[in-house]
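Trainee: I would like to go through the terms used for this model and ask what each one rests on. Can we start from the cut-offs each time?

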Amino acid sequence: MGFPAGNSSRGSQRAILSIGEPVLRRVARAVELDELAGAQLQQLIDDVIETMRVANGAGLAAPQIGESVRICAIEVNHNPRYPYKPNIPLTVLVNPTWTRLTEELFVNNEGCLSVPGIRGDVARFTHIRVEALNRYGERLDFTVGGLSAGTYQHECDHLDGVLFVDRVADPTSLCTWENFERYRRQEYLLRAADLVARFGQ
Ligand code: ZN
C-alpha cells in the first residue's frame with residue numbers, strides 16, 4: 001500500500017466549529033487502512049495540522065473541522081495559548097485508544113478551540129498508554145504522563161463527541177482566558193509543577 005509522504009505545508013486552514021455544532025457531539029467513525037492511504041484523508045490530516053497551527057491549538061480533532069472520523073493531531077511547541085505546557089512533537093493519531101496506567105487523577109485546566117473564550121478544570125488521569133496508527137498506517141504504542149496526558153485525553157474525547165465542559169465537575173472553575181491569567185494561573189502552575197517535575201511533561 002503506498003502512502004504519500006506527509007507534508008503539512010499542503011494543508012489548508014479550515015473553519016473551526018464551535019460548541020453547538022452537531023458534528024462535535026457525534027461519535028466519529030473509525031478509519032480503514034486503505035482509506036487512510038488515499039489522497040482525501042491525507043489531505044484532511046494536512047488540513048487538521050495546518051488549522052491547529054494557525055489557531056495555536058495544542059491539538060485538534062477532525063470533527064472540529066467538520067469531519068466525523070477518528071483522526072486528531074497534537075503538537076505543543078512553545079505554545080502561546082498554553083505557555084507552561086511542555087512541548088510535544090507533532091503527533092497524528094488515527095483510531096486512537098488509551099488506557100490508564102494509574103488510578104491517579106490530576107486537575108487539569110483546559111480550553112478548547114471549539115469552546116471559544118472559556119476555560120475550566122477537568123480531572124484527567126496522570127499516566128496513560130496510547131495506541132493508534134500514525135498517518136502512514138503504522139502502529140503507535142506509547143505512554144504519556146503529566147500535563148501532556150491531559151492533552152491526549154482531551155483530543156480523544158473529541159472523537160467520542162465529548163467536550164471538556166462535559167467533564168467540568170465544578171462549574172465555578174469556568175472562567176475566561178483573561179480571568180484565568182488574573183486569578184487562577186499561579187495556583188494552577190503550583191499544582192502542575194509537581195506533575196511536570198515527575199513526568200517532565
Ligand atoms: Zn478541544
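Trainee: Why is Cys-112 called buried?

Mentor: Buried means under 20% relative accessible area, exposed over 50%, and partly exposed in between, with a 1.4 Å probe and protein chains only. Cys-112 has 5% relative accessibility, so it counts as buried. Cys-156, at 7%, is buried as well.

Trainee: What kind of model do these values come from?

Mentor: The model is predicted, so local features need pLDDT of at least 70 and side-chain atom pairs count only at pLDDT 80 or more, while totals for chains, interfaces and linings use all residues. Residues are numbered from 1 along each chain as its sequence is written, and side-chain values use heavy atoms, with hydrogens and water left out.

Trainee: What places Glu-110 in a strand, and is it buried or exposed?

Mentor: Helices (H or I, at least four residues) and strands (E, at least two) are DSSP runs, numbered from the N terminus. Glu-110 falls in such a run, strand β4, residues 105-112. Its relative accessibility is 4%, so Glu-110 is buried.

Trainee: What makes the pair of Glu-110 and Arg-124 a polar contact?

Mentor: A polar contact is a pair of N or O atoms within 3.5 Å; within protein, one must be able to donate a hydrogen and the other to accept it, and residues adjacent in sequence count only if both atoms are side-chain atoms. The side chains of Glu-110 and Arg-124 meet this at 2.6 Å.

Trainee: Which backbone oxygens does the side chain of Arg-70 reach?

Mentor: One is that of Ala-28, at 3.0 Å. Another is the backbone oxygen of Leu-159, which lies 2.9 Å from a polar atom of the Arg-70 side chain. Arg-70 sits in the loop between β1 (59-61) and β2.

Trainee: What makes α3 largely enclosed by the rest of the structure?

Mentor: For α3, 13 of the 13 residues are buried, so the helix is largely enclosed. After α3 comes Gly-161, with a positive phi near 75°.

Trainee: Which residues other than glycine have a positive phi?

Mentor: Among them are His-78, with phi near 50°, and Asn-95, also near 50°. Most residues other than glycine have a negative phi. His-78 lies in the loop between β2 (71-76) and β3 (88-100), and its 64% relative accessible area makes it exposed. Asn-95 is in strand β3 and is partly exposed at 22%.

Trainee: What is the volume of the largest cavity, and how is a cavity told from a pocket?

Mentor: On a 1 Å grid over the protein atoms alone, a cavity is a set of points where a 1.4 Å probe fits but cannot get out; a pocket is an open set with protein on both sides within 12 Å along at least five of seven lines, and lining residues have an atom within 4 Å of a point. Grid points are joined across faces, edges and corners, and a volume is the space filled by probe spheres set on the points. The largest cavity has a volume of about 160 Å³. Of its 19 lining residues, Tyr-82, Lys-85, Gly-111, His-154 and Glu-155 are the closest to the centre. At least two lining residues come from each of β4 and α3 (147-159).

Trainee: How is the lining of the largest cavity divided by class?

Mentor: Ala, Val, Leu, Ile, Met, Phe, Trp, Tyr, Cys and Pro count as nonpolar, Asp, Glu, Lys and Arg as charged, and the others, Gly among them, as polar. That gives five nonpolar, 10 polar and four charged residues in the cavity lining.

Trainee: And what lines the largest pocket?

Mentor: The largest pocket, about 180 Å³ in volume, has Arg-14, Glu-35, Gln-40 and Asp-47 among its lining residues. Helix α2 (residues 39-54) supplies the largest share, six residues. By class, the pocket lining has four nonpolar, three polar and five charged residues.
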